[in-house]
Amino acid sequence: DTYLPLLFNALHEKAPDGNAASERHQYVLLRAMLEIISNFSLDGETLTKEHSLEVQSMLPVLEENCEHKEEGVRNMVAECLGKLALINGKTIIPYLANKCNAAVS
């Protein structure tokens with residue numbers, strides 16, 4: 001959990017030219033986020049308050065990368081959102097429904 005701020009900062013940094021190495025870097029960072037999310041679900045049946053706050057802070061980062069030009073990055077965002085929906089559906093499913101409705105409008 002102490003790695004999340006570092007992970008968020010690294011994900012917010014944009015490569016100047018969008019080269020393949022930077023795209024792989026984004027993918028690896030999102031993969032690390034997926035591992036953190038997976039550890040949330042291993043902690044027990046319900047999320048702790050601390051983890052719930054961390055989930056809320058992940059959503060904007062994932063949303064920011066959901067339209068990335070690299071398909072692997074978009075797939076990793078989808079995996080993260082899917083895992084979050086499994087462990088915290090009451091929050092994630094309405095969030096995703098709102099985003100889908102906003103995209104349609």
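Figure 1. Residues 24 or more positions apart account for 67% of the contacts with a separation of 6 or more in the protein, contact meaning heavy atoms within 4.5 Å. The model is predicted: local features need pLDDT of at least 70 and side-chain atom pairs count only at pLDDT 80 or more, whereas totals for chains, interfaces and linings use all residues. Residues are numbered from 1 along each chain as its sequence is written, and side-chain values use heavy atoms, with hydrogens and water left out. The protein has 5 helices and 0 strands, in the sequence pattern α-α-α-α-α. Helices (H or I, at least four residues) and strands (E, at least two) are DSSP runs, numbered from the N terminus. Of the 105 residues in the protein, 34% are buried; buried means under 20% relative accessible area, exposed over 50% and partly exposed in between (1.4 Å probe, protein chains only).

**Figure 2. The buried face of helix α1.** Helix α1 spans residues 4-12, and its L4, L7, F8, A10 and L11 are buried. Seen down the axis of α1, these buried residues fall within an arc of 165°, so they line one face of the helix. The arc is that of the directions from the helix axis to the C-beta atoms.

**Figure 3. Surroundings of H12.** H12 belongs to helix α1 and is partly exposed, with a relative accessible area of 39%. Not counting residues up to four places away in sequence, H12 touches V61 and E64. The C-alpha atoms of H12 and E64 are separated by 8.5 Å, although the two residues are 52 residues apart along the chain.

**Figure 4. H68 in the loop between α3 and α4.** The loop that holds H68 lies between α3 (49-65) and α4. H68 is buried, with a relative accessible area of 18%. A polar atom of the H68 side chain lies 3.0 Å from the backbone nitrogen of E70. A polar contact is a pair of N or O atoms within 3.5 Å; within protein, one must be able to donate a hydrogen and the other to accept it, and residues adjacent in sequence count only if both atoms are side-chain atoms. Residues up to four places away in sequence aside, H68 touches E23, Q26, V73 and R74.

**Figure 5. Packing of α4 against α5.** Helix α4 (residues 71-87) and helix α5 (residues 89-104) pack at an angle of about 135°, their axes lying 6 Å apart. Axes are lines fitted to C-alpha atoms, for helices over the stretch in contact, and angles run from 0 to 180 degrees between N-to-C directions. The two helices α4 and α5 are therefore oblique to each other (under 35 degrees is roughly parallel, over 145 roughly antiparallel, 65 to 115 roughly perpendicular, and the rest oblique). L81, L84, A85 and I87 of α4 meet G89, I92, I93 and L96 of α5 in this contact.
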